[in-house]
Amino acid sequence: MSGFYTTKARNDLQEILSPTGQLSAGLVKTILKGKGSLKLSARDIFYTQSMEGITDFPGASEYFILWRDSQVINLGFSYRFGKPLKTTKRSNGGAGDEMNRAGA
């Protein structure tokens, strides 16, 4: 789960932006005896990531709102083919051999 919130802000001298934010979340489920996984994620769940504000010029004022297509849902599937990798014992290198010869 992740998200952000931006409070009302002044951008440059003439632009005042309204608050905006976004909330995202995701889930992962392991399936098929650990070889597969399903992933579901959603971005901008409440559809709150818009840009809205007022631009003030001397003698003129402009209200604006920009709605983006920011609400997205993803579903993914992945599968691991082949055998799992086995970890190999790490050697101590030449120093370990030398220590064994010295009796340490």
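Predicted model: local features only at pLDDT ≥ 70, side-chain atom pairs only at ≥ 80, totals over all residues.
Colleague: How many aromatic pairs turn up in the whole structure?
Modeller: Two. In one of them, the rings of Y47 and W67 have centres 5.5 Å apart and planes at 25°, so the pair counts as stacked.

Colleague: Where do Y47 and W67 sit?
Modeller: Y47 is in the loop between β5 (36–43) and β6, while W67 belongs to strand β7 (residues 60–67). The pair therefore ties together parts 20 residues apart in sequence. Y47 is partly exposed, at 32% relative accessible area.

Colleague: And Y79 with F81, what geometry?
Modeller: Edge-to-face, with 4.9 Å from centre to centre and 70° between the planes.

Colleague: What about accessibility for Y79 and F81?
Modeller: Y79 is partly exposed at 35%. F81 counts as exposed, since its relative accessibility is 73%.

Colleague: Changing topic. Which strand holds D56?
Modeller: Strand β6, residues 50–57. D56 is partly exposed, with a relative accessible area of 39%.

Colleague: What does D56 contact, leaving aside neighbours within four places in sequence?
Modeller: Q14 and S61. With S61, the side chain of D56 makes a side-chain to side-chain polar contact of 3.0 Å.

Colleague: And E15, what separates its C-alpha from that of D56?
Modeller: The two C-alpha atoms are 6.3 Å apart, although E15 and D56 are 41 residues apart along the chain.

Terms used. Residues numbered from 1 in each chain as written. Heavy atoms only, no water. Helix = DSSP H or I, 4+ residues; strand = E, 2+ residues; numbered from the N terminus. Buried < 20%, exposed > 50% of the residue type's maximum accessible area, 1.4 Å probe, protein only. Contact = heavy atoms within 4.5 Å. Polar contact = N/O pair within 3.5 Å; in protein donor to acceptor, adjacent residues only side chain to side chain. Phe/Tyr/Trp six-rings, centres within 6.5 Å; stacked < 30°, edge-to-face > 60°.
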